[in-house]
Amino acid sequence: MTGIIDIVHAEYNYWIYTALMMIGFYAMIAKKNLIKKIIGANIFQTAIFLFYISLADITGGTAPIIWEGHEDVIYTNPVPHCLILTAIVVSVSTTAVALALIIRIYREYGSIEEDVILAARKSLQPEFSEYARQKGGEE
Amino acid sequence: MAGFEIITNNLPVLTVVLPLMAGFLTPIVGLIDRRLPWYWVMLATFVILLTTSSNLVTVITTGTIHYHLGGWNPPFGIEYVIDLLNGFVCLIIAFIGFMVSIYSKESVKKEVPGKTTQFYTVFMLLITGLMGITITGDIFNFYVFLEISSLTAYSLISMGDRGDALVASFNYLIMGTVAASFILLGIGYLYAVTGTLNMADMHRLIPNIYESKVVLAALAFFMVGFSIKVGLFPLHAWLPDAYTHAPSTGSALIAGLMTKVGVYAMIRFMFSVFTPVFVIDMTRMTEILSWAAALAIIMGSVFAIAQSDIKRMLAYSSISQIGYILLGVGLANAIGMQGGLLHILNHALMKCALFLVAGAIFYRTGIRNLYQFQGLGRKMPVTTTVFLIAGLSMIGVPGTVGFTSKWYLALGSIDAGQWLFVVIILVSSLLNLAYFWRVFDNIWFGHPHEIEHLQRDEAPLSMLVPMVILAALCVFFGLFAYYPVHYVLEPLSEALLGIGAMP
C-alpha cells in the first residue's frame, strides 16, 4: 500500500495532468453541448501545458538568469516555458475559431445542443424527407 | 548580382515566408480591387512553384539542403531540412496549389459571394501551413505549422454550404484538436527523454533509449494523432462531411493536400525521427499500419458505393486511397515504399482533378447528386472527359498513374510475402470500378427526357485549363513513371528504410 502512495506522491504532477487530461477528453467526447465540448478541449490542452511546465521544474530552481559572480545558479529549464507560450497562443486561436463557429451554428439552427442540431439537419435534408414521405405514404 | 544571391541562399525559408506574406497582403490587395486577389494568389503560388522546383532540383543534383534559421546552429536553433522526401511533397503542394488557384476564379465568385478576399487569405495561409509542416526539421515548429494548417482548413470548410459546413467544420475542429493534442503530448514525451527538439538529433539519440516506455508511448501518441489527421479508417468520421460541404475549391485543395501532408508527417516521424529498426522490427508498427490500411482500402470503397452525392463518394474514395499509401509504407520494403510514395503524387493529381470536375459540374448545373448527371457527356464534354481519365486512373487502368502505383504496391506485397494484400488491391480495384462506373454510366449512357434541348454548356476556360493539365499529367506519369521513380523515389525509399544513404 505504501508503495503505491509513494509512487503517486513522487510523481504527483504526472497524475494530476493525466486526470485533468482525461476529464477534458471525456467532456470533448461525451458532452452534447458545443460550448462544453470546447471547455473540455481547453482542459485537455491546459493539462498538457501543465505537463510541460512541471517537466521543466527542478527542486530549488529559480529563473534562468546568470549574472556575474552567480554562475552556479540552479535554474529551471526555460525551453518548455517558451514552447508552451506558443502552444497557449495556438490553443487560444483554436478556441476563437470554435466559438465563432458555434455562434454561426446557433444562428443557423437556433441551438447549440448536438442532438437538436442533428434533428434539424435530418429534417432539412431533401433525400431524407423524400424517404420519410414515401414511408409515410406506404403506411 | 548580390541581391540574386540573397534570394538563392534563402530559398528554403522563402518557400514558407512567401505564402505567409502573400496571405497577409491579400486583404490589402483585396481592398484595392475585389477582383485582384485571384491574380495575386495565382502569382504567389506560381512563384512558390518555381521556388520548390528549384529546391527539388538542388536536392537531386547536390544533396540535402540544411538551412539554419537566423544563423543559429542546430540543435539550438530551428533548422529547415529539404531532402528528397519533403522536396517531392513540397513540389506537389505548390503544383496543386497553383492549379487550384487558377481554377478558383469563377467557382469562388459563385460559391463564396462577397467573401472572396477572406477566402484567398485563408487559402494562402493553408498553403503556408502545409509548406511549413513539410519543410521544417524542428519538431515543435512542426506542431505550430500543423495547427496553422488545421485552423485555416476549419475556416475554409466553414465557408461552404450554410449550416452543414459549419457543423462539419466544428466536428473536424474537435477531432483535429484531439489529434494535435496527442501530437503535442508525444513531442513532450520525446523532449523529456532526449532533451532536444531537432528531428535529426532525436533520430541520433533514440537508439540509446529503445527500451524506454516513454518512447513507446510517444510513438503511440504520434500514430493515433496522425491517423486522425489522415483519416485512417476507424478514425475517419470527420472526413466525409468536411470534404462534402466545403466550397468546391476548398474541397479540391484539402482533399488533394491535407491528408497527403499528414501521410508525409507519418512517414517522417516513423523513419526519420524514430528509426526503421524501431518501427519495423521492435514495435512492428509498420505491420499494424499495413493491416489498418488494408481495412481502410476495403471499407472506404464499400462506403463509396453507397453514396449518391458525388463529393461524398469522392471523400470515401479518399479514405480508401489513403489506405493504399499507408499500405505501401507499412509493407516496409523498397518496392512497396516506392508504390506508396508514388501514390502520394498520383492521388494528389487524380483526386484534385475529380474534385475540380465535381466543382465545375456544380458550377454549371447546381447538381451534386450523381443520379442526375444524365446527358452531361453531351453538355460538358471536356469536363466529363477529364472525369473519365481521372476515374479510370483511380480504378487503375494501365496507361494511367493509378496503375503504376498499384503495380508497385502489388509487387511490394508479393515481395513481403503478403498475398492477401494482393487480393485486397485487386478486390478494391473492382469496387472502385463499381462506384465509378455508376457515374460514367449516368454521364454518357443515361438519357434525360429533353435530350434534344441540350446545349453544349462547357465550364469557363479558367476552370478547364487546370483540369485538363491534371488529366494530362495523370496519363503522362502513367506512361513515364520512370522519371519520378528513378530520380526521387528509388533512392528515397532505400534511404528511409535505412538500406541506403539519403543523397
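In what pattern do the elements of chain A follow one another along the sequence? Chain A reads α-α-α-α-α-α. The count is 6 helices and 0 strands. The model is predicted. Of the 139 residues in chain A, 21% count as buried. Contacts in chain A were also sorted by separation along the sequence. Among those between residues at least 6 apart, 45% join residues at least 24 apart.

Chain A touches chain B. The contact draws 25 residues from chain A and 23 residues from chain B. On the side of chain B, two helices each give two or more residues: α6 (139-158) and α7 (162-194). Helix α7(B) gives the most, with 16 residues. The side of chain B that touches chain A holds 13 nonpolar, 7 polar and 3 charged residues.

Within chain B, two helix pairs were examined. The crossing of α13(B) past α19(B) is left-handed. From α13(B), the contact uses Ala294(B), Ile297(B), Ile298(B), Ser301(B), Val302(B), Ala304(B) and Ile305(B). These residues meet a set in α19(B) that includes Phe421(B), Ile424(B), Val427(B), Leu431(B) and Tyr435(B). Ser428(B), Asn432(B) and Ala434(B) also belong to the α19(B) side. By class, the contact of α13(B) with α19(B) has 12 nonpolar residues, 3 polar ones and no charged ones.

The second pair joins α17 (residues 381-395) and α20 (residues 461-479) of chain B. Here the angle is about 30°, and the axes are 10 Å apart. This angle also falls under the cut-off of 35 degrees, and α17(B) and α20(B) are therefore roughly parallel to each other. Helix α17(B) passes α20(B) in a left-handed crossing. The residues on the α17(B) side are Val382(B), Thr383(B), Val386(B), Ile389(B), Ala390(B) and Ser393(B). They meet Leu464(B), Met467(B), Val468(B), Ala471(B), Cys474(B), Val475(B) and Gly478(B) in α20(B). The contact of α17(B) with α20(B) divides into 10 nonpolar, 3 polar and no charged residues.

The nonpolar core comes next. In soluble globular proteins, nonpolar side chains tend to be buried together. The largest nonpolar core in this model has 217 residues. Which of its residues touch the most other members? They are Cys352(B) and Ala353(B). Cys352(B) has contacts beyond its neighbours within four places in sequence. These partners are Ile96(B), Met99(B), Val100(B), Ala252(B), Gly256(B) and Leu470(B).

Most residues other than glycine have a negative phi. Arg284(B) has a positive phi of about 55°, although it is not a glycine. Ala332(B) likewise has a positive phi, near 55°, and is a residue other than glycine. Arg284(B) sits in the loop between α12 (276-282) and α13 of chain B. Ala332(B) sits in the loop between α14 (310-331) and α15 (334-365) of chain B. Is each of these residues buried or exposed? Arg284(B) is exposed, because 12 other C-beta atoms lie within 10 Å, and a residue with 12 or fewer counts as exposed. Ala332(B) is buried, because 24 other C-beta atoms lie within 10 Å, and the cut-off for a buried residue is 20 or more.

Two further residues of chain B were placed. Asn10(B) lies in the loop between α1 (2-9) and α2 (11-32). Asn10(B) counts as exposed, because it has 12 C-beta neighbours inside 10 Å. Its C-alpha atom is separated by 41 Å from that of Ala292(B), 282 residues apart along the chain. Phe445(B) belongs to helix α19 of chain B. Phe445(B) is exposed, with 9 other C-beta atoms within 10 Å. How far apart are the C-alpha atoms of Phe445(B) and Leu376(B)? The separation is 9.6 Å, and the two residues are 69 residues apart along the chain.

Technical notes: Residues are numbered from 1 along each chain as its sequence is written. Chains are lettered from A and ligands numbered from 1 in the order in which they are written. This is a predicted model: local features need pLDDT of at least 70, side-chain atom pairs count only at pLDDT 80 or more; totals for chains, interfaces and linings use all residues. A crossing is left-handed if the near helix is turned anticlockwise from the far one by less than a right angle, and right-handed if clockwise. Helices (H or I, at least four residues) and strands (E, at least two) are DSSP runs, numbered from the N terminus. Two residues are in contact if their C-beta atoms, placed from the backbone, lie within 7 Å. Ala, Val, Leu, Ile, Met, Phe, Trp, Tyr, Cys and Pro count as nonpolar, Asp, Glu, Lys and Arg as charged, and the others, Gly among them, as polar. A nonpolar core is a set of buried Ala, Val, Leu, Ile, Met, Phe, Trp, Tyr and Cys residues joined through C-beta atoms within 7 Å. Axes are lines fitted to C-alpha atoms, for helices over the stretch in contact, and angles run from 0 to 180 degrees between N-to-C directions. Angles under 35 degrees count as roughly parallel, over 145 as roughly antiparallel, 65 to 115 as roughly perpendicular and the rest as oblique.
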